[in-house]
Amino acid sequence: MAADNNKILTGWGRTAPGMSSKLELPINSDWPAMLKALSSSGVVARGLGRSYNDAAQLSGGSFIDTTIWNHVVHFDPSSGILKVEAGASLDQIMREFADAGFFVPVTPGTRHVTIGGAIACDVHGKNHHKDGTFTDHVLAMDLATPSGIMTLTREHEPELFNATCGGMGLTGVILNATVRMLRIESVYMKVDTIRTNNLDEVLDLMESEDHKYRYSVAWVDSLARGSSLGRAVLTRGNHADLSELEGGHLKTPLDFKPKTIFSAPDIFPSGLLNSLTIKAFNEVWYKKTPRKETGAIHHAASFFHPLDIVGNWNRIYGPRGFIQYQFVVPFGREDVLRNSLELLANNRAGSFLTVLKRFGKSNAGLISFPMEGWTLALDLPVGPANLAGLFDQLDEMILKAGGRVYLAKDARVSKNKIKLMYPHLDEFRKILKSVDPTRIIQSDLSRRLGI
Ligand SMILES: Cc1cc2nc3c(=O)[nH]c(=O)nc-3n(C[C@H](O)[C@H](O)[C@H](O)COP(=O)(O)OP(=O)(O)OC[C@H]3O[C@@H](n4cnc5c(N)ncnc54)[C@H](O)[C@@H]3O)c2cc1C
């Protein structure tokens, strides 16, 4: 083993720290032997640590730093098919392939995630209603398990493929993946923005018009109440063709070199973001948005990843950190969206970034999160004493509606509820047993939830 040192790790929300020992292993290691050698303490793969809580850490065990595996194995410009090592980040891939006219098929709200992390969490973007999740564009991957290295495709090893897509890194270590990239003419987006007065308005607009846009997302004012409950800023767009650009944009249509302008220092006290500051921010954010704007041209980086402009922005929540709570409920259960916003607003539990999207059909990922319906993500600073109780009430509402919470973000759901939210969990566990009989690969999340 190349290196071994102890690190205190957290997820992006900076809650639940755990000490794990860092391993930097060559990608061509003798994986079955290597993993078996770690059987006493266990091991987990870790990418860029952008999952929110404890999925990429293992207290008292080891973690494999995958970010050192970031080489492009092969790229075919005629088909856009890319084979790349699993520690490469979407940021790196976007920078490297924009010039050639290709973009990642799905991106989460940050580009600083690895290919391995994107597969393990089966991440979704603003285009789920059109394009599904990231793994819907993955053709193949090599997976290292204690039983051997396997090449997975939907045709060959479909069960393990479907368990690995969204399997939270528990089926093995993803070494590389083959991904179908999206062809683009420019890195600019043609964007329509509209402010809605309340939740019903934004839901109606998304339902009736999302089909016209590849990307759609709504920011919701979590503290608005009464007739303004759920007022939102809806942003929808498509990749701009060359014919839609002019001036400077047309001179460098494929220039993707976004910068971080500022990195937040670790000096912010907990409590800086509270219901008062969040209410003030929401008011300004909502009001500063034009009531309606059509056809604005935005760079892809500011459209997809506005938060990436500030490095380490999670520090603004202070040392206590924050919890991101994301759930999905089927269409027809819009009442849950309304009731959850009402519950939080009435209890003055302000969420700084509240994001609503419409999911299309789910895929075959056994414990993949997205299912057809509405998904709402909320960022809540740790602190208010009533937060745990509010989350428990939300869990109940979501479960009753046939929905579920997202494991990549979860910090506190109960084992019993997870079983009910993810009906294929037993099947998933059986597959884990078949490739990793002594369950060497684990995480704090898998231990906490008994997965
Ligand atoms: C600002 C922000 C916005 C986000 N927006 C979205 C969003 O819009 N949609 C969405 O779906 N998610 C979103 N996320 C969550 C994020 O996309 C996922 O958690 C993603 O998995 C993080 O990738 P990572 O490389 O940091 O993985 P890590 O956090 O390091 O790990 C996440 C999981 O992947 C596993 N893993 C990582 N690499 C490998 C590997 N090589 N082999 C096997 N398992 C591996 C880990 O074991 C762990 O279980 C967001 C996160 C942030 C911070």
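**Strands, sheet and domains**

Tutor: Strand β6 (residues 81-85) and strand β10 (residues 173-180) run antiparallel and are joined by five bridges. Strands are DSSP runs of E with at least two residues, helices are runs of H or I with at least four residues, and both are numbered from the N terminus. Two strands pair if DSSP finds at least two bridges between them. Residues are numbered from 1 along each chain as its sequence is written. This is a predicted model, in which local features need pLDDT of at least 70, side-chain atom pairs count only at pLDDT 80 or more, and totals for chains, interfaces and linings use all residues.

Student: Which residue in β10 does V84 stand opposite?

Tutor: V84 faces A177 in β10.

Student: In what order do the five strands of the open sheet stand?

Tutor: The order is β5-β6-β10-β8-β9, with antiparallel pairing. β5 (72-76) and β9 (148-152) each have a single partner strand, so one side of each lacks a neighbour in the sheet.

Student: Into which domains is the chain divided?

Tutor: Domain bounds come from an automatic or database domain assignment. Here, domain 1 covers 67-184 and domain 2 covers 188-417. Their contact takes 29 residues from domain 1 and 27 residues from domain 2, where residues are in contact if their C-beta atoms, placed from the backbone, lie within 7 Å.

Student: Which helices each supply at least two residues of the side of domain 1 that touches domain 2?

Tutor: They are α2 (90-97), α4 (128-131) and α5 (158-164). The largest share, three residues, comes from α4.

Methods
Contact = placed C-beta atoms within 7 Å.
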